[in-house]
Amino acid sequence: MATSAMIFAAGLGTRLYPLTQDRPKALVEIHGVTLLETVIRKVIAAGINDIVVNVHHFSDLMKDFIATHPFDAQIRISDETDFLLDTAGGLKFAEPLLQNADNILLHNVDILSNINLNKLIDCHLKNNALATLAVRQRETSRYLIFDKPTMRLGGWQNVKTNEKKVARPMTEELPLGFSGIHVVRRDILDHIPANQKLSMTPLYLDLADKYLIQGYLHQEDEWMDVGKYDDVVKLMSEK
């Protein structure tokens with residue numbers, strides 16, 4: 001089965017300011033390597049050579065970077081310059097570029113990890129899930145809630161606002177932090193409205209009762225969200 005990848009790189013990067021004063025978040029460098037290049041190379045190392053990158057903020061810089069940095073993969077641009085569509089909306093917008101994919105690896109550009117993407121994809125294929133989400137036990141304000149025995153998505157909770165949504169019954173709740181890396185079957189595109197700004201999280205919650213949305217626990221892996229200025233500065237200072 002053919003697997004393509006989509007790198008979500010269209011964010012405004014407001015949490016990284018002033019590093020994003022003159023460039024998009026994806027082109028912020030850590031030890032001389034952009035976040036975008038780091039993720040692209042990780043995806044290619046997993047054997048995926050069909051990659052879509054969405055762009056919005058400083059989109060011309062993104063296009064120039066991809067055009068002038070050869071990679072051993074076909075990299076196409078989903079141009080959201082005119083309207084930022086968020087993750088699910090962005091995935092739907094990129095549908096014409098994903099025609100050859102049976103499954104799609106989705107990876108946020110500001111996530112650095114040593115997660116084994118092949119094991120994640122294998123788990124997804126083995127369970128024939130509509131979506132498989134990389135998750136881990138970590139402190140966050142918003143948790144995805146899984147049924148512990150089955151690792152099936154059952155809800156969501158914001159611990160700061162005490163808001164909670166239950167999508168399906170669970171025998172034992174297991175709250176986990178989402179790692180910004182997931183795999184979806186291509187037919188999930190049939191459930192996303194066109195030309196609407198929409199995140200993947202509410203989409204998953206809407207689908208969780210009827211379809212298998214699976215959690216993939218990768219607790220032993222190194223993982224870091226570098227979407228904040230202090231986190232990047234700290235990494236830059238490390239040798």
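How many positive and negative side chains does the protein have, and how far apart do the centres of the two sets lie? Then, turning to the part itself, how many of the 13 residues of strand β12 (residues 173–185) are buried?

A: This is a predicted model, and in it the protein carries 26 positive and 31 negative side chains, with the centres of the two sets 4 Å apart. The chain has 239 residues and a radius of gyration of 17 Å, which agrees with the value near 18 Å that a compact globule of this length would have. Its secondary structure consists of six helices and 14 strands, and 50% of the 239 residues are buried. Among contacts with a separation of 6 or more, 74% are between residues 24 or more positions apart.

Against that background, strand β12 has 10 of its 13 residues buried, and it is therefore largely enclosed by the rest of the structure. Strand β6 (residues 103–108) pairs with β12 in the antiparallel sense over five bridges, and within this pairing R185 of β12 is the bridge partner of N103. Strand β8 (residues 131–136) is likewise antiparallel to β12, again over five bridges, with T132 standing opposite V183 of β12. Strand β9 (residues 142–147) also runs antiparallel to β12 and is joined to it by four bridges, and here L144 stands opposite L176 of β12.

Conventions
Residues numbered from 1 in each chain as written. Predicted model: local features only at pLDDT ≥ 70, side-chain atom pairs only at ≥ 80, totals over all residues. Heavy atoms only, no water. Helix = DSSP H or I, 4+ residues; strand = E, 2+ residues; numbered from the N terminus. Rg over C-alpha atoms; globule rule 2.2 N^0.38 Å. Buried < 20%, exposed > 50% of the residue type's maximum accessible area, 1.4 Å probe, protein only. Contact = heavy atoms within 4.5 Å. Lys, Arg positive; Asp, Glu negative; His and termini not counted. Charge placed at Lys NZ, Arg CZ, Asp CG, Glu CD. Pairing = 2+ DSSP bridges.
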